[in-house]
Amino acid sequence: MTEKIIIVDFGSQYTQLIARRVREARVYSEILAWNDPKLTEPEVGTRGYILSGGPMSAYAQGAPGITGALLKSQLPILGICYGMQALAQALEGEVSRAGEHEYGLAEITVIKENPLLPQGNLTVWMSHGDRITRPPKGWEVLASSANCPIAAVGDLTKKRFGLQFHPEVRHTPLGTEILRRFVLEICGCAPDWTPESIIQQSVARIRQQAAGKRVLSAVSGGVDSSVATALAREALGANVSSVFVDTGLLRLGEREQVVRAFENLPGEPLRVVDASERFLTKLKGVTDPEEKRKIIGEAFIREFEAFAREVGNPGFLVQGTIYPDVVESQGFGAQQAQRIKSHHNVGALPAEMKFELIEPLRLLFKDEVRAVGEALGLPRALVWRQPFPGPGLAVRCLGEITRERLDTLRQADAIFTSELEKEGLLQLVETAGGLAEGSSQAFAVLLPVRSVGVMGDQRSYQEVVALRAVTTTDFMTADWARLPHELLARTASRIVNEVPRVNRVVYDITSKPPATIEWE
Ligand code: XMP
């Protein structure tokens, strides 16, 4: 039985962050919307609740509230910002508008010794317009600041706590420690949500679902499909038929890397289908981005059908759905997530191909997927890989797609990523000040124009490469990465010198919105 903490979602942009911080303390956490019927009947293993922040005022009409079941619960509760205010109000405390909105860093002083907060002065991140003006009966003020007399409150006997600030963000340096104390010391959870225990539980679940049956799995070269497939193979061994389709639209060395990654894992060898000729023939002369996507999506399905037929049309399919997808399609973020991702359905299978889905990553955040991948023995380079779109280089090779142009793009892209890697900038690194350094996604794009240059004494009229690097956490909005000029200079000079047919390199300095991350 897994012990867990339920995160009750009131619509905060930080809800998933709370869940991740709890899991960093090695305790399993699950997000439920504030009105989810599952809250009325807490599942076995539930050890406590954390109530998220939210955009509303607790006293506004129709504001989401604390359900009766939660109020009756004997389990510890930690309310954060809105969550604390909603809880205080439900217990007949008073919440009202603060004089002015408080936003940013604040210094609070702990005035009553308690098991949640470290003693002394703490730097915390505040973001609120309302505050508690009268705590519920039996609650004591635990910490306060000049601006905010009730920065932390609680009923120590009933183990109910409220924080006006956000412990889940990095700007609150001791925030992770506060959450750790809540889940381990106050709720009494054991810190046993580790990659090894995740693997054990996944394997058991997959076996329960599909033991003895044949299962299909398509590996794209990305982290999620690779880890999902590796887990399925760990559970079902030779009953998993996995395939990797080489579309001819992959990055330099990608096919070899994927083949190597699976060589030493249990199960049947990965089947590699070289479909590049078929894909490139279908794409010949096509320049319209949407048409490229459609052609590639259909070509994938044909390859997949052929493979499924070959292995006897199994009824099960492994899919790399991860927890943020699950939360976004069921909770507060559902509408926005759906709108933005609607065009990312390359590879979606037609309705007549019916499968029972095996989704071993359904409960995991991306960082957990990576940790599990490493524990399963997948190489670091693959596990830490940046995202790559389903249609591959087709949407980065603007204009007509030919083998020659794809080669040009691949070489330029490899130079850019290797320069980034040398500087450790191929990942997004959060600095102590809360700023992001490095890149969440970085790649080269081949433009559909040529430009004039001079090489030696010769006039040239050749291709243009654009470099794109962004920082983002959710890929729905993104900023262009402020890469060091020296690195950009070195990259540009290497590309024009080493890659035939390129005489100009430009750097993309638009954010998303208004631009998108990919160029097509
Ligand atoms: P955009 O370009 O919309 O991309 O800002 C956001 C993220 O999604 C990836 N992307 C795709 N992924 N199929 C995919 O599987 C697609 O058609 C596709 N288009 C974009 C993109 O690389 C970025 O990470």
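This is a predicted model: local features need pLDDT of at least 70, side-chain atom pairs count only at pLDDT 80 or more; totals for chains, interfaces and linings use all residues.
Q: What is the omega of the cis peptide bond that joins lysine 512 and proline 513?
A: Most peptide bonds are trans. Proline 513 lies in the segment after strand 20, which covers 502–507. The bond between lysine 512 and proline 513 is cis, and its omega is about -15°.

Q: Which residue does proline 513 join through a cis peptide bond with omega near 10°?
A: The residue in question is placed in the segment after strand 20. The cis bond with omega near 10° runs from proline 513 to proline 514.

Q: Is arginine 26 buried, partly exposed or exposed?
A: Arginine 26 sits in the loop between helix 1 (15–24) and strand 2 (28–33). Its phi is positive, near 65°, in a residue other than glycine. Buried means under 20% relative accessible area and exposed means over 50%. The relative accessible area of arginine 26 is 38%, so arginine 26 is partly exposed.

Q: What is the phi of asparagine 313 near?
A: Most residues other than glycine have a negative phi. Asparagine 313 is in the loop between helix 9 (289–310) and strand 13 (316–318). Its phi is positive, near 45°.

Q: How many residues of the contact of helix 8 with helix 9 are charged?
A: Helix 8 passes helix 9 in a right-handed crossing. Helix 8 contributes Arg278, Phe279, Lys282 and Leu283 to the contact, and residues of helix 9 in it include Ile295, Phe300 and Glu303. By class, the contact residues are six nonpolar, no polar and, as charged residues, five.

Q: Which strands stand at the edges of the open sheet of five strands?
A: The strand order is 12-11-10-13-14, with parallel pairing. An edge strand has a single partner, so one side of it is left without a neighbour in the sheet; this holds for strand 12 (271–274) and strand 14 (356–358).

Q: Which residue of strand 14 stands opposite phenylalanine 316?
A: Strand 13 and strand 14 run parallel and are joined by three bridges. In strand 14, the residue opposite phenylalanine 316 is glutamate 356.

Q: At about what angle does helix 9 run to strand 11?
A: Helix 9 lies across strand 10, strand 11 (240–246), strand 12 and strand 13. The angle of helix 9 to strand 11 is about 150°.

How values were computed
Residues are numbered from 1 along each chain as its sequence is written. Side-chain values use heavy atoms; hydrogens and water are left out. Helices (H or I, at least four residues) and strands (E, at least two) are DSSP runs, numbered from the N terminus. Buried means under 20% relative accessible area, exposed over 50%, partly exposed in between (1.4 Å probe, protein chains only). A crossing is left-handed if the near helix is turned anticlockwise from the far one by less than a right angle, and right-handed if clockwise. Contact means heavy atoms within 4.5 Å. Ala, Val, Leu, Ile, Met, Phe, Trp, Tyr, Cys and Pro count as nonpolar, Asp, Glu, Lys and Arg as charged, and the others, Gly among them, as polar. Two strands pair if DSSP finds at least two bridges between them. Axes are lines fitted to C-alpha atoms, for helices over the stretch in contact, and angles run from 0 to 180 degrees between N-to-C directions.
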